[in-house]
Amino acid sequence: MSEESQLASATDLAVTLAWVAGAVTAAYFLGMGVSWVLLRMGRRSDILRDIAILTRRPVRAIMMVIAAGIALQRTDTDAAWRGWADHLLRVLLIAAITWMIAKLVQVVERRMIARFAGGDTGLTDADLHRRRVRTQVTVLRRLAVAIVVLLGTAAALMTFPSFADIGTTLFASAGVLSVVAGLAAQTSLGAVFAGLQIAFSNAIRVGDVVVIEKQWGRIEEITLTYVVVTIWDERRLILPCTYFTTTPFENWTRNATEVMGLVELDVDFTVPLDDMRAELDRILAANDDLWDGRLGVLEVTDATGGSVRVWITISAPNSSALWGLRTAVREAMVKWLQRQGTAALPRWRFEPAPTTQAPTSPRELAYSRRPSGEGLFSGSAEAQERARAFEGAADDADRS
């Protein structure tokens with residue numbers, strides 16, 4: 001290539017880059033203007049405000065890619081890089097459009113939650129429907145975004161000639177259904193189907209209080225493949241969705257938030273149970289912010305082993321209040337037992353067995369060691385004679 005040709009190519013490249021840079025800059029500021037207009041209009045429309053906030057970046061990206069393509073098309077250059085530059089812009093445009101659609105799906109999610117699941121999502125009965133809708137809409141949004149990304153990736157790959165032939169053959173083949181069914185049986189897609197089952201079976205929702213692996217926690221997030229549980233000590237327990245479809249667990253807020261709890265105490269037989277019940281009523285009345293008034297019962301469930309076992313069954317509006325109420329009742333009852341004195345505390349009682357009078361003389365001591373029904377000497381006439389002689393000598397010793 002001559003020096004004049006190289007100079008011409010460099011000049012064409014510089015001109016092309018200048019056109020592209022100018023077009024991209026103009027498109028960026030145009031995108032900012034579009035976002036500003038939508039924000040101004042969003043003062044009267046919530047959906048326009050969400051569109052302006054969530055789609056401002058993909059809108060600018062689409063405008064910049066389109067502007068770069070138009071500027072590149074207006075240049076009359078046949079350089080070697082022109083082919084792959086056009087192809088790169090097509091891929092970027094597909095990516096930007098995919099990004100835009102994903103953000104629009106998020107806008108739909110926000111509007112659905114605001115309309116059907118707006119407000120507080122706490123632990124009262126009024127919030128059950130809201131939490132169910134929020135969970136289902138969130139899972140559907142994740143699934144829709146995953147499908148959009150998958151289709152966008154497939155569209156980008158179809159721009160390559162080698163992948164285009166494979167894609168055409170695959171989608172035209174009747175065996176695509178068997179391939180999809182086979183993949184669905186795998187662990188990864190099995191977790192996705194489990195996530196959809198969780199979202200629409202109403203087994204758990206975002207905000208539910210559950211007991212999993214002997215851990216008390218609250219459902220923080222439900223995705224297509226895993227569930228995040230916030231444990232009471234602020235740790236996060238990450239579990240696959242298949243766990244909730246194959247393993248039993250406790251859901252304390254599935255249909256209602258009211259729960260009952262138990263406080264166990266071992267006391268002495270002498271404790272006045274009527275006074276103890278009166279003290280329980282006083283404690284519950286003092287904690288009316290935690291106690292819902294449904295149940296407050298003291299029952300004797302066992303009376304063996306030297307102590308009386310007392311069960312105090314109480315109720316609360318939710319699990320958090322129940323925990324506080326149980327600790328308050330337990331502490332107050334312990335203090336009440338302390339005020340009753342040591343007689344109220346469990347004691348072990350032992351009573352010694354009755355004993356016979358100990359022998360007082362050597363003769364009684366000797367006979368007390370003999371087997372029952374037998375003399376000192378036995379077995380023959382000579383032995384009986386020796387026994388009588390021995391007993392006579394023992395009597396003489398006692399008299400002396």
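**Figure 1. R236 and its salt bridge with E220 in the predicted model**. R236 is partly exposed, with a relative accessible area of 47%; here buried means under 20% relative accessible area, exposed means over 50%, and partly exposed lies in between (1.4 Å probe, protein chains only). E220 is partly exposed as well, with a relative accessible area of 36%. The side chains of R236 and E220 meet in a salt bridge (3.0 Å, N to O). A salt bridge is a side-chain nitrogen of Lys or Arg within 4 Å of a carboxyl oxygen of Asp or Glu. Side chains of opposite charge can pair when their charged atoms come close. E220 sits in strand β2 (residues 215–222) and R236 in strand β4 (residues 236–240), 16 residues apart, and the pair links distant parts of the chain. Helices (H or I, at least four residues) and strands (E, at least two) are DSSP runs, numbered from the N terminus. The model is predicted: local features need pLDDT of at least 70, side-chain atom pairs count only at pLDDT 80 or more, and totals for chains, interfaces and linings use all residues. Residues are numbered from 1 along each chain as its sequence is written, and side-chain values use heavy atoms, with hydrogens and water left out.

**Figure 2. Packing of helix α2 against helix α4**. Helix α2 (residues 46–54) and helix α4 (residues 82–116) pack at an angle of about 145°, and their axes are 10 Å apart. Axes are lines fitted to C-alpha atoms, for helices over the stretch in contact, and angles run from 0 to 180 degrees between N-to-C directions. The crossing of α2 and α4 is right-handed; a crossing is right-handed if the near helix is turned clockwise from the far one by less than a right angle, and left-handed if anticlockwise. On the α2 side, D46, I47, D50, I51 and L54 take part, and they meet K103, Q106, V107, R110 and R111 in α4. Contact means heavy atoms within 4.5 Å. The residues of this contact divide into four nonpolar, one polar and five charged. In this count, Ala, Val, Leu, Ile, Met, Phe, Trp, Tyr, Cys and Pro are nonpolar, Asp, Glu, Lys and Arg are charged, and the others, Gly among them, are polar.

**Figure 3. The salt bridge between D50 and R111**. The side chains of D50 and R111 meet at 2.7 Å, N to O. The pair links distant parts of the chain, with D50 in helix α2 and R111 in helix α4, 61 residues apart. D50 counts as buried, at 4% relative accessibility, whereas R111 is partly exposed, with a relative accessible area of 25%. The structure holds 15 salt bridges.

Figure 4. R282 is partly exposed, with a relative accessible area of 47%, while E279 counts as buried at 9% relative accessibility. Elsewhere, salt bridges that share partners join D46, R49, D50, R110 and R111 into one network.

**Figure 5. The largest nonpolar core**. A nonpolar core is a set of buried Ala, Val, Leu, Ile, Met, Phe, Trp, Tyr and Cys residues joined through side-chain atoms within 4.5 Å. Of the 24 residues in the largest core, M276, I312, I314, V329 and M333 touch the most other members. β6 (259–267), α10, β8 (308–316) and α11 (319–339) each supply at least two residues of this core. The largest share, eight residues, comes from α11. Not counting residues up to four places away in sequence, M276 touches L265, V267, V271, L298, V310, M333 and W336. A second, separate core of 19 residues includes A194, I204, L224 and L239.

Figure 6. Most residues other than glycine have a negative phi. K214 lies in the loop between β1 (209–212) and β2, and E234 in the loop between β3 (226–231) and β4. K214 is exposed, with a relative accessible area of 81%; E234 is exposed too, with a relative accessible area of 64%.
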